[in-house]
Amino acid sequence: MNSEKITKYILFSASLLILIIAGGMVYSLIRGAMPAFDFFGWKFIFSTHWDPTQGHEQYGALPFIAGTLFTSFLALLIALPMAFSTSLFVAEYFRKKRIAVVLSTFVDLLAGVPSIVYGLWGFYTLRPFIVELGLSPQGFGIFTSGLILAIMIIPYATSLSTEIITMVPNELKEAAYSLGATRMEVIFNVIVPNARSGIIASYILAFGRALGETMAVTMLIGNSNNIPNGLFGTGNTMASVIANQFAEASGLQLSSLIAIGLLLFAITALINAFGKYIIKKLAAR
Amino acid sequence: MKNTDLIENERNVFVNDHQKVRNFKNKLLLVVVVLFSALTAFPIILIVGNLLVKGYHQINLAFFTQVPPDTFTAMMAKSSGQIIPGGIVNGITGTILMVGFASLIAIPFGIMIGIYLYEKKDARYANFVRNITDVLQGVPSIVIGLITYLWVVISITKGYSALAGSISLSIMMLPLIIRSTEETMKMIPPTLKEAAVALGTPYHKVIFKVLIPSSLGGLMTGILISISRILGETAPLLLTALGNPAVNWKLSQPTSSVPLLIWQFYNDPNMVSLIFSSSLFLMGFVLTLNLISKRIAAKRSIQ
Amino acid sequence: MNQNIIQINQPILSIQNLSVAYDKDKLAVKDVTAGIKKNAITAIMGPSGCGKTTLLRAINRMHELYPNITTTGQIKLYDENIYDMSTIKLRRKVGMVFQRPNPFPTLSIYDNVIAGYKLNGIRLKRSERDEVVETSLRNVALWEEVKNSLHKKGNFLSGGQQQRLCIARALAFKPEVILLDEPTSALDPIATAKIEDLLIDLKESYTIVLVTHNMSQAARISDNAMYMYLGELIEYDETTRIFTNPQNVSTQNYITGRFG
């Protein structure tokens with residue numbers, strides 16, 4: 001064998017590592033989750049009851065699935081107008097201006113803040129504020145977590161959609177202006193329709209981020225095992241219940257937490273694959 | 001051809017007066033966009049400002065050279081209005097140990113896989129690997145923590161360990177480095193590589209003498225960004241490295257890290273003021289790394 | 001430099017002492033005064049960077065989309081200064097066709113033609129809409145070619161067809177004036193010839209101002225022609241005269257191909 005072949009062989013072997021990690025991940029999660037699924041069957045996903053008390057152990061993941069979806073949708077809802085405005089600010093209204101560079105640097109920095117720091121800020125600054133407003137007695141819960149999550153995903157929702165909006169051809173905007181359209185009309189009739197799939201993809205990927213965020217949510221959601229009762233109710237997300245209960249878990253509870261990890265893995269992988277698929281279709285166009 | 005008079009008539013029909021409404025809406029949108037954009041920039045200022053105000057007075061020499069005090073000492077200091085003695089040296093060394101070892105695994109493998117994907121652009125297998133890499137990049141960090149717990153904590157080190165922490169961090173780094181390597185290599189002019197190949201240069205030399213040197217800036221950016229991402233990771237370490245009140249350099253032992261210490265302080269009401277100093281330190285480090293990598297990336301795009 | 005500029009009687013547009021500057025001191029158009037004849041084709045020629053496109057865009061204020069622009073002087077459409085009008089109203093009366101065909105890729109052919117109405121929020125009855133679409137497409141001789149695929153997106157059309165669609169889009173609004181910025185520079189000779197024939201037909205009902213790089217095109221279809229150099233209007237005359245007997249040396253050099 002010559003050296004060229006050896007080099008290529010080494011590179012190929014390295015690529016196997018990715019497949020081993022991914023394959024192993026799925027295998028280990030399924031194997032770890034098996035006892036829980038064996039014991040509870042489909043009820044594991046649809047049961048609302050989660051009780052680790054020795055003797056009458058019972059594990060159902062629905063409260064956490066609900067908590068995850070609830071907080072993530074709320075986060076997306078709050079982040080949407082902010083992210084959309086920011087992309088318009090950077091890619092359209094103040095394109096290439098100094099102020100746009102400043103804003104996008106700020107937004108990039110937002111992406112660099114560690115999750116736990118968001119959690120602290122939420123706990124020590126945002127939570128008392130929510131208590132003061134009288135929205136909830138302790139300030140924990142869906143709303144507080146959703147708000148923090150929104151801030152955390154803004155950079156992800158913004159960066160790609162900014163890029164896509166920048167790529168809308170100037171000629172099309174000029175065509176619309178020459179027909180008497182105002183800037184707002186150009187934005188909603190030319191820019192948005194032409195950048196639509198990219199904008200949607202970036203929001204999907206941001207949503208995927210929100211689903212798996214752990215520390216900040218763990219510190220703010222209130223850590224209860226029930227389906228959240230309303231916007232200011234407490235609960236747990238799939239990620240936060242693992243973080244909260246992992247240390248004391250063993251046996252069936254550990255298996256149930258791993259099963260929740262498996263579900264979380266599946267949901268985020270699906271959402272991400274969907275977002276990436278849209279982007280790829282876009283790139284092929 | 002159309003009758004000219006008819007056109008003249010039709011021309012005069014157009015005086016619809018939505019104009020004021022339309023201009024108003026147009027201005028309103030600008031105001032809304034500026035308002036919401038300002039609102040987006042607001043949190044980062046608040047967060048950094050908050051940490052600076054609450055955290056700076058705890059940062060001193062001891063902060064970098066001593067381990068945290070026990071909760072009783074902290075309580076005494078707090079009640080007498082003094083700053084809490086001690087520091088976070090066990091966290092700093094733990095972070096250096098785990099991030100360092102994670103980089104040692106993830107950087108060479110990431111670059112090799114990135115080069116492989118770059119060489120095989122459209123091959124079916126390469127596309128598959130690329131998609132899997134994307135999936136891996138989206139896996140929540142807590143799930144990676146779970147997996148490493150199953151793989152390393154239970155099976156290899158039989159207990160929480162720095163090795164487990166490092167491996168979970170390296171799994172998070174790997175996809176980032178792979179994709180940034182591939183993207184950077186794509187920007188190398190193909191003629192550069194062809195010239196080397198035409199001279200009969202062996203392939204491994206092409207990699208080390210052409211591909212890597214001419215994409216060094218991009219590789220550095222990718223590495224720095226991936227390091228800045230994992231520096232603040234807490235969730236996977238909770239499940240793998242656990243924490244350690246003393247300085248530990250052994251891979252087989254439980255180890256602390258700066259974010260793990262923050263989590264620990266958060267759960268201990270006596271340590272509150274150490275939380276902010278540690279967070280300030282961590283944020284300062286992460287954001288500086290971010291800005292440096294941006295600088296490198298910007299410089300590279302100018303060339 | 002000795003200028004030779006003809007007077008136009010009862011012009012539809014009169015440009016008066018118009019100057020346009022980018023970044024304060026870089027003048028793109030210098031003190032241009034000229035009238036534009038109604039129902040005629042006026043060509044603007046000159047080497048690249050001479051300010052002809054800026055002058056054209058100043059007529060429907062599209063040049064204001066560039067950053068840091070200052071405009072002095074005025075342009076009157078009949079008796080109204082266009083810089084006192086709203087751009088909404090102005091651009092309805094002065095339509096524009098661009099260098100490269102730019103139909104909206106997300107809209108069908110039908111919706112492209114009535115895009116002006118949609119963008120301006122004007123609601124038409126179905127029958128009115130159908131009529132506008134058909135007449136506009138007939139005017140640009142595209143009706144027969146696309147009448148069976150009106151509701152498809154226009155990306156299967158050839159470059160020439162797309163450019164005619166863009167002209168139809170401008171015509172649908174029944175403007176007074178149509179501005180064309182090198183409309184055939186991206187097209188092949190056959191498509192170019194079709195557009196040229198079309199423009200000659202259209203001048204019966206519309207006033208046409210055309211920027212062109214292509215001297216023979218100006219000679220073929222325009223009634224009057226301007227020659228600009230370094231932002232100044234050097235010569236403005238009837239086309240036949242400017243090509244047979246240019247008064248200015250610079251014009252002469254340009255027309256005989258000594259530069260440009």
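Biologist: What makes Met238(A), Ala239(A), Ser240(A), Val241(A), Ile242(A), Ala243(A), Asn244(A) and Gln245(A) in α10(A) buried or exposed?

Modeller: Buried means under 20% relative accessible area, exposed over 50%, and partly exposed in between, with a 1.4 Å probe and protein chains only. Met238(A), Ala239(A), Ser240(A), Val241(A), Ile242(A), Ala243(A), Asn244(A) and Gln245(A) are therefore called buried, each lying under 20%. That makes eight of eight residues in helix α10 (residues 238-245) of chain A. Do keep in mind that this is a predicted model, where local features need pLDDT of at least 70, side-chain atom pairs need 80 or more, and totals for chains, interfaces and linings use all residues. Residues count from 1 along each chain as written, chains are lettered from A and ligands numbered from 1 in written order, and side-chain values use heavy atoms without hydrogens and water.

Biologist: Why is the pair Lys276(A) and Asp134(B) called a salt bridge?

Modeller: The rule asks for a side-chain nitrogen of Lys or Arg within 4 Å of a carboxyl oxygen of Asp or Glu. The closest N and O atoms of Lys276(A) and Asp134(B) are 3.9 Å apart, so the pair qualifies. Across the interface of chain B and chain A, the rule finds four salt bridges. From chain B, helix α2 (residues 19-55) gives the largest share of the side touching chain A, 22 residues.

Biologist: How much area do chain B and chain A bury between them?

Modeller: About 6700 Å², with 79% of it on carbon and sulfur atoms. Buried area is the accessible area (1.4 Å probe) that two parts lose on being put together, summed over both. In contact terms, 78 residues of chain B meet 77 residues of chain A.

Biologist: Why do β10 and β11 of chain C count as paired strands?

Modeller: Two strands pair if DSSP finds at least two bridges between them. Six bridges join β10 (residues 224-229) to β11 (residues 232-238) of chain C, so they count as paired, and they run antiparallel. Ala225(C), for instance, stands opposite Asp237(C) in β11(C).

Biologist: And which strands of chain C form the open sheet, in what order?

Modeller: The order is β1-β11-β10-β4-β9-β8-β7, seven strands with mixed pairing. β1 (4-5) and β7 (94-97) of chain C are the edge strands, as each pairs on one side only.

Definitions and conventions
Helix = DSSP H or I, 4+ residues; strand = E, 2+ residues; numbered from the N terminus. Contact = heavy atoms within 4.5 Å.
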